Amino acid sequence: MSTLRLGWRWAALRNGFLDATAYRVEFLIEVLGQAVVPVITQLVLWYAVFKLGGATEMAGLSYSDLILYTLTSILFSQIRGGDHDFELAEMIRTGTLSNYLLRPAGAVEFVYIRGSAPKLFLAGVCLVVGMIVGAIFGGIHPERMPAAMLMAFIGNIIHYQISAAIASIAFYWEEAYSVLMVKNLFVSLLSGELIHLGIFPEKWKWVWESFPFYLYVFGPVQYALGKWTHVEFFRALALSLVWLAVGWALVRISWGIGTRRYLSLGG
Amino acid sequence: MKNYPSVAAATGPGSRIALYWNVFKVNVKNNFVREAVYRTNFITTVIVDLVWIAVQFSLFTVIYANVESLGGWTKHQVFFFLGFFFASDALFSTFFARNFWQFSDLVNKGELDILLTKPVHPLFLSLTRFISMTAWFNVLLGIGVMIRYAEPAGFEGGWRWLTLIPWLAFGTLAALMLRFAFSVWIFWTDRSFAIARLYFAFFTLADKPDPIFPIVVRAFLMTALPFAFIGSVPARALLQGLELREYALITGVMVFFFFFNRHFWRKGMARYQSASS
Amino acid sequence: MEPVIVAQDIRRSFRSSKKEEGKNSTWKYLLKPEWVEHHALKGVSFSIEPGAFVGLIGANGAGKTTLLKIFSGLIPPSSGTARVLDQEPFKRSLDFRKQISLVMGQKAQLWWDLPAVDAFDLLRAIYEIPEKTYRDRLGMLAELLDVQKLLNTQIRRLSLGERMKMELIGALLHWPKVVFLDEPTIGLDVLAAQKLREFLREFNRREKATIILTSHNMDDITRLCSRVLILRSGEMLYDGSPQKLTREGEKRLRVRLQEQPTLEQLAATTQIPIERITFPKPEDADAGDEGEGTLPAAYLTVNSQTLMPTLQAILAKYTPIDLGIEEQGLENVIKRLFQEEASGITKRP
């Protein structure tokens, strides 16, 4: 029984990977769009602030600190799983969810596994690249990379869980995607993807600390760069496990109620 | 039996412009009907944009806490720019954003087959289908932000506010040209969303004033990928005025993009027609 | 009368790139694509008079939809000429587009998130139908199809049959002279399909619009069309009336026999080739022979010469419980036509 249940997960992973790589050029374009362009945007911004604006430091961070942070953040943001949440909302809206309800696989989990397959591969590449770069040029601590990547991965799952819970709004309201867009804006800011979280004034710190999103870009980067101690890291990791449980419950509840409603309305 | 009009009593008179205007009017009316169905849409549309503008404002507030000016732009000038960009983007959202979300349906779902048999250009039909009444509110919000920061930003105001209208139209048109150039690939790949998404990646370069960028990036934003046309160039025109050669440049680039888009649309149509059975 | 649709040796082939799975396939696909040539239509000629109701039959991939796409101007023929309303369809002149209509059972032309009446309003604007005419037509069509009460319902909330009715209204509001219907009854239940058929016949009769219909449902064809065109792998197999196809003296002899002989035994007894005998499963059987108990009926294709000897041979050997002579169902004729063609037996006119 348990092998059987693992079976579909493995198949979904494989299927997702093949599906993404069947369109290689498009896959590369996506990677480019998701990684390179936002980073260029940030680098350009720091260039403007420090070289054109003449600043020497921002909130205690130097030009090179920020550049290093931005470049390292690429390694961890690659694991980010595309538009799974939008896909879930679309499935509910268009009724294709019905196909999934017949299968033994949970729709939420299935969509995640299939969609994250190519990202896991990318994360592996990033892990290796990070370790090599760190070993040669310094900055990144190579030995910290695996643990940091693990945290990024857990953080990404939490993000997905929260997104899936939000996507369940689509059971009640056709335009749920707009809520997901708001969420994405918040996440890009609160995860540290958009800018280094240290730039926020100290009095705002509680804002990003009360969400789990910093665990998936900011936290791993800080640890990999040696800005966090091991103790800080393990505290954050423990916290992320708590969030994981919370996320799991959120998905169970929201989808349980939503699916019941969906079925009662005749799919 | 009632006397029904025969086949011969075909269609009424009216010029092409009147026809397109009437189709547009019906689409506007239908979108009112649609939004009456999804009432809550209004609130989220506004909230999405408010959050966006809040994020931008806090980003620049934090930056300007550390520097006096960026590439010659003061904080208030950047806020004025953000107001314009916001209004221009909301205008695009009003008329086009949702239509482009569904653009790939033309090929993927074969909508083009039906649209091509209609006596109106298929692009017109597919790009005027959704009109967001609520995004209008955000246009006003953006203009409100501009008004708020006009004086500290050094905008002279008065009759110059009138030039806001053509510049907003220009910004929207530039976004339309760019978005189309990133969307026309539906004919070539069923993963066209990968390319369409690049638009949003580059879009993050559009929401900052172009003079803050290094010269190479800036050159790109003014020519090959003219994202600066959406907000930055018009805001600069309003605040400082443009040089004559800049007018020539933006005209040239827009004309180029028009022909670029037309060329690939036609190529795509030819491909569509030769590949289908 | 001038024909309204003319096809002269229409051929349509198209290339599709062969995209293989595996390494570097996309690069190869972009840089050096391999093309596979398909022939959807291999020289099709016919002409259609105004006001005709023509059925187009063929298996999947026979070229029916391709033909409709050529006539409605979506794609050009690779060679040969197509003329509709004395125009070249692919030019898609305004005048042409205003006079035709294409309905694809699988693709909606009405945007589903609106009530039907608003979607129709858009079509009114697109086709520049005067307000008064529009109201008259909509009233008439909605009455014929019995959907007046549903006009204000969001289309996506309608049943499949109701949706198709709305699609048809949308397709006819501009009073097209030529209507192409691709599988209009697909997915509909028997009753809904019948309603739709009645409507189409009525519309064709009243308005003298030329209608070409493709369908897998032979009921659609037999009840509506005065002429059928049968396509097989892009070639015209038959062009004529559906009656002619089935008649020619051929009948179906229905027997239920106590002994329940096998197909082979029956063939040996009656000297009728085995392909001309069928044991339809109960659910395929034509209407009118249910309720005869559980014994399966055998159907033998006979003509006036072979009828009597066959009957005698059967009676000599078996005990019939039920006997009957029926007209050939179009479905069977076509099934056989395809089989014969495939196995190289005589080609019919």
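1. Start in chain C, where helix 6 (residues 160-172) lies across strand 5 and strand 6 of chain C and runs at about 165° to strand 5 of chain C. Helices here are DSSP runs of H or I with at least four residues, strands are runs of E with at least two, and both are numbered from the N terminus. Angles run from 0 to 180 degrees between N-to-C directions, with axes fitted as lines to C-alpha atoms, for helices over the stretch in contact.

2. A word on what you're looking at: this is a predicted model, in which local features need pLDDT of at least 70, side-chain atom pairs count only at pLDDT 80 or more, and totals for chains, interfaces and linings use all residues. Residues are numbered from 1 along each chain as its sequence is written, while chains are lettered from A and ligands numbered from 1 in the order in which they are written.

3. Back to the sheet in chain C. It is open, has 6 strands in the order 5-6-7-3-8-9, and its pairing is mixed; two strands pair if DSSP finds at least two bridges between them. Strand 5 (100-104) and strand 9 (235-240) of chain C each have a single partner strand and stand at the edges, so one side of each has no neighbour in the sheet. From one strand to the next, the twist averages 15°.

4. Strand 8 of chain C then runs antiparallel to strand 9 of chain C, joined by 5 bridges, with C:Ile230 facing C:Tyr238. These two strands form a hairpin with 2 residues between them, and C:Ser233 takes a positive phi near 45° there.

5. Chain A has 11 helices and 2 strands, arranged α-α-β-β-α-α-α-α-α-α-α-α-α from the N terminus on. Its radius of gyration, taken over C-alpha atoms, is 20 Å, close to the 18 Å from the globule rule (2.2 Å times the number of residues to the power 0.38) for 267 residues, so chain A is as compact as a globular protein of that length. The buried share of chain A is 42%.

6. Residues making the contact (C-beta atoms, placed from the backbone, within 7 Å) include A:Glu26, A:Val37, B:Arg197 and B:Phe202.

7. Finally, chain B gives 30 residues and chain C 40 residues to their contact. On the chain B side, helix 1 of chain B has the largest share, 8 residues. That side has 14 nonpolar, 12 polar and 4 charged residues, where Ala, Val, Leu, Ile, Met, Phe, Trp, Tyr, Cys and Pro count as nonpolar, Asp, Glu, Lys and Arg as charged, and the others, Gly among them, as polar.

Conventions: Contact = placed C-beta atoms within 7 Å. Buried ≥ 20, exposed ≤ 12 C-beta atoms within 10 Å, placed from the backbone.
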